[in-house]
Amino acid sequence: MARMIKDGQEFKLSKRSGKAVSLKDLLQEAGCDAVRYFFVSRAADTQMDFDLDMATKKSNENPVYYAQYAHARMCSILRQAENIEEAKTFDLIDHEKELTLLKQLNEFTNVVVDCATTRMPHKMCNYIQKLASDFHSFYNECKVIDMDNMELTKQRIALVKACKITLGNALNSIGVSAPEKM
């Protein structure tokens, strides 16, 4: 059971009176990715509030859109950098935002193990939000493709590629798509 919220108000549901929203209707209204994400993002022992307006928004307020947009942004950067050769060293990766992102990437395997052993997949959604947030913060502060500094560019492109792979795997683990364009 979940509380449904629409237009900022609770939409009263009742099994006894037959006033309910079917999963099929919910999927048609909000889409498969949003429904999966919202249901997985809550611990099984907590009250589920499904905000239909939030699930259908195409903005950073919607956690699904925020994460998928981060993945699409990573793909866009990598498309722009197709002809740039791979980095051989990573000695220039020392900006605070880069290091934060690297630490977050390093946590992925621990989160996977934790989600599996505790049977709490909502922890993956927490990880996805943190990784997307750290990536957006990195992107806003650090110029990835800088033709005046190709060595740093190569290293940052490698970092973006690692983020894309990790975020894609994290989204896939909860059954949510990782779009390359939005």
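A nonpolar core is a set of buried Ala, Val, Leu, Ile, Met, Phe, Trp, Tyr and Cys residues joined through side-chain atoms within 4.5 Å. Welcome to this predicted model, whose largest nonpolar core has 45 residues.

**The core**
- The core members that touch the most others are F50, M124, I128, F135, F138, V160 and I174.
- At least two core residues come from each of helix 1 (23-30), helix 2 (32-40), helix 3 (52-56), helix 4 (63-80), helix 5 (96-106), helix 6 (108-118), helix 7 (122-141) and helix 8 (150-173).
- Helix 7 gives the largest share of this core, with eight residues.
- Leaving aside residues up to four places away in sequence, M124 touches F108, V111, V112, C115, A170, S173 and I174.

**Helix 5 against helix 8**
- The axes of these two helices, helix 5 and helix 8, come within 11 Å and cross at roughly 35°, and the crossing is left-handed.
- Helix 5 brings E98, L101, L102 and L105 to the contact, while helix 8 brings L152, R156, L159, A162, C163 and T166.
- Sorted by type, the residues of this contact are seven nonpolar, one polar and two charged.

**The cysteines**
- You will find zero disulfides in the structure.
- C75 is too far from the closest cysteine sulfur, that of C163, for a bond, because the two sulfurs are 12 Å apart.
- C125 is in no disulfide either, and the nearest cysteine sulfur, in C115, is 8.4 Å away.
- C75 counts as buried because its relative accessibility is 3%, and C125 counts as buried at 3% relative accessibility.

How values were computed:
Residues are numbered from 1 along each chain as its sequence is written. This is a predicted model: local features need pLDDT of at least 70, side-chain atom pairs count only at pLDDT 80 or more; totals for chains, interfaces and linings use all residues. Side-chain values use heavy atoms; hydrogens and water are left out. Buried means under 20% relative accessible area, exposed over 50%, partly exposed in between (1.4 Å probe, protein chains only). Helices (H or I, at least four residues) and strands (E, at least two) are DSSP runs, numbered from the N terminus. Contact means heavy atoms within 4.5 Å. A disulfide is a pair of cysteine sulfur atoms within 2.5 Å. Axes are lines fitted to C-alpha atoms, for helices over the stretch in contact, and angles run from 0 to 180 degrees between N-to-C directions. A crossing is left-handed if the near helix is turned anticlockwise from the far one by less than a right angle, and right-handed if clockwise. Ala, Val, Leu, Ile, Met, Phe, Trp, Tyr, Cys and Pro count as nonpolar, Asp, Glu, Lys and Arg as charged, and the others, Gly among them, as polar.
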